[in-house]
Amino acid sequence: MSEEKHLVQEFVTVEASNLLNVVQDLKAEGYRLGQICAAKLAEGYQLLYSFDKDHVLKNLKLPVAEVGELPSITLIYWPAFIYENEMQDLFGFKFRNLALDYNGKFFKVSAPTPWKGEEK
Amino acid sequence: MSKRTIIPFGPQHPVLPEPVHLDLVIEDERVVEAIPSIGYIHRGLEKLVEKREYTEMVYVIERVCGICSFGHGWGYCKSVEGNMEIVVPERAEYLRCIWHELSRIHSHLLWLGLLADGFGFESLFMHSWRIRESILDIFEKTTGGRVIFSVCKLGGVRKDISAEGLAEIAGILEGIKGELTELTEVFLEDYSVKNRLVGVGKLSYSDAVELCTVGPMARASGVVQDIRLDGHGAYGKLDFAPVTEEAGDCYARCKVRIREVFQSIAMITQAIAQIPEGDIAVPVKGMPQGEFVARMEQPRGEAYYYSIGNGSKFLQRMRVRTPTNMNIPAMVKTLQGCDLADVPMLILTIDPCISCTER
């Protein structure tokens, strides 16, 4: 019989300047990268980094005012290249030191950065 | 030093039901690097949250995939139910679990057929899919659909299964166990099958962990990881342990999936024995306002469903992260060093679903 770990929802807000340190610590603690996604909110954008350890989730929220350049975590978690390229193609974010950069050609979309929306 | 050549693999290829492209850098007949490229069938399904009410969006999310559609619908409902703090009736949780495990059997049998087809064993392919038909018949009888069921809704499920219906399902599953045992013997003991799978495409335990691999791909490398262990739905009340193997090769991945078919039958049998009487849905009131990350163990592995509500009838964001997303890096890794002739087998054994991946 299992505990109800699925109800545990931990969200921690981080800043871009501190992102790599926090992610590095999570890696050292044995966390596995689950997913990364971007969302356009009423004001600005938010990136969500989800990590798992023993079936319990930890989510890092990175609020950003506008689409711009962010640090890549691919030097810590190489599989993150999938998500960072996706966010580059759909939202227009640019990731510094992206280990495998498709330069906007990972998704074949008919219009560039279709999910970026109108910025205020 | 051998000359390096780049061979394009896909997006159209006999072993690929869906389009993915790989640039295979080879030296003689050996792959030294593989660069994946996707995006041929990106449908922008997540973007539709801006135009579909949160109660309707389940029909869109179900269409992320035609094989694990029920699990996607459940994952979406779970995320929004978590967001709105809706408590689903216990009977509905059991019914969801039964349909989800039936989907796993259907998915794995489909995959086994494709694998057999991939290495040219056509009768094995036909037998796998013949048995799978029995599962599709159960879907049709209990939900009305064979591919998309639309039986999962926010707050519960849309249809109940009678006691007689549940007994019939248990009987059908008991009946196909014998046929599955015969099939298993061929998949795991036949010389020609082993020749194509044993020792091919090895992924070590440390690589599986480092590459954040999920599902049968991870479990075949000894990683004990199964989101059903987080206690969601009726899973917290069922007795099971993740199926794992140690070898990490194509054969181990095949073995894990075959053992999971038997495991799913055992779990459905348990669920049928335990399912309580009661309601199958609760009314859903209000609008989602908050956020919730739900996870499912789909047949191909862990999937994420992240919803953000803004108090309106439209969600601010709906994110679906499917298992193949997370297994592409491992596929790239295992392709490095393999023989060109083994590439199709290797790609097949991650059970890629590109429609899921691109959404």
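This is a predicted model: local features need pLDDT of at least 70, side-chain atom pairs count only at pLDDT 80 or more; totals for chains, interfaces and linings use all residues.
Student: What makes H3 and H9 of chain B roughly antiparallel?

Tutor: The axes of helix H3 (residues 90-118) and helix H9 (residues 250-274) of chain B cross at roughly 155°. The cut-off for roughly antiparallel is over 145 degrees, so H3(B) counts as roughly antiparallel to H9(B). The two axes also come within 9 Å.

Student: And which hand does the crossing of H3(B) and H9(B) have?

Tutor: H3(B) passes H9(B) in a left-handed crossing.

Student: Which residues make that contact?

Tutor: From H3(B), they include B:Tyr94, B:Ile98, B:Leu102, B:Trp111 and B:Leu115. From H9(B), they include B:Cys254, B:Val261, B:Ile265, B:Met267 and B:Ala271.

Student: How many residues of each class are in the contact of H3(B) with H9(B)?

Tutor: By class, there are 15 nonpolar, three polar and four charged residues. B:Trp111 of H3(B) and B:Cys254 of H9(B) take part, and both residue types go in the nonpolar group because Trp and Cys are counted there.

Student: On to strands. How do you know that E1 and E2 of chain B pair?

Tutor: Six bridges join strand E1 (residues 4-9) to strand E2 (residues 21-27) of chain B. Pairing needs at least two bridges, so these strands pair. They run antiparallel, and B:Arg4 stands opposite B:Glu27 in E2(B).

Student: What joins E2(B) to E3(B)?

Tutor: Seven bridges join E2(B) to strand E3 (residues 30-37) of chain B, again in an antiparallel run. With at least two needed, this counts as a pair too. In E3(B), B:Glu33 stands opposite B:Val25, and B:Ala34 stands opposite B:Leu24.

Student: What lies between the two strands of that hairpin?

Tutor: Two residues separate E2(B) and E3(B) in the hairpin, and B:Asp28 in the turn has a positive phi of about 55°.

Student: Now chain A. What makes E1 and E2 of chain A edge strands?

Tutor: Four strands of chain A form an open sheet in the order E1-E4-E3-E2, with mixed pairing. E1 (11-13) and E2 of chain A each pair on one side only, and they are the edge strands. From one strand to the next, the twist averages 20°.

Student: How do you know that E2(A) pairs with E3(A)?

Tutor: Eight bridges join them, and they run antiparallel. The requirement is at least two, so they pair. One bridge partner to look at is A:Tyr45 in E3(A), which goes with A:Lys40.

Student: How many residues does each chain give to the contact between A and B?

Tutor: Chain A gives 29 residues and chain B gives 30. On the chain A side, E2 (32-40), E3 (45-53) and E4 (56-64) each supply at least two residues. The largest share of that side, six residues, comes from E2(A). By class, the chain A side has 16 nonpolar, eight polar and five charged residues.

Student: And what is the confidence for chain A?

Tutor: Its mean pLDDT is 88, and 95% of its residues reach 70 or more.

Methods: Residues are numbered from 1 along each chain as its sequence is written. Chains are lettered from A and ligands numbered from 1 in the order in which they are written. Two residues are in contact if their C-beta atoms, placed from the backbone, lie within 7 Å. Axes are lines fitted to C-alpha atoms, for helices over the stretch in contact, and angles run from 0 to 180 degrees between N-to-C directions. Angles under 35 degrees count as roughly parallel, over 145 as roughly antiparallel, 65 to 115 as roughly perpendicular and the rest as oblique. A crossing is left-handed if the near helix is turned anticlockwise from the far one by less than a right angle, and right-handed if clockwise. pLDDT is the predictor's confidence in each residue, from 0 to 100.
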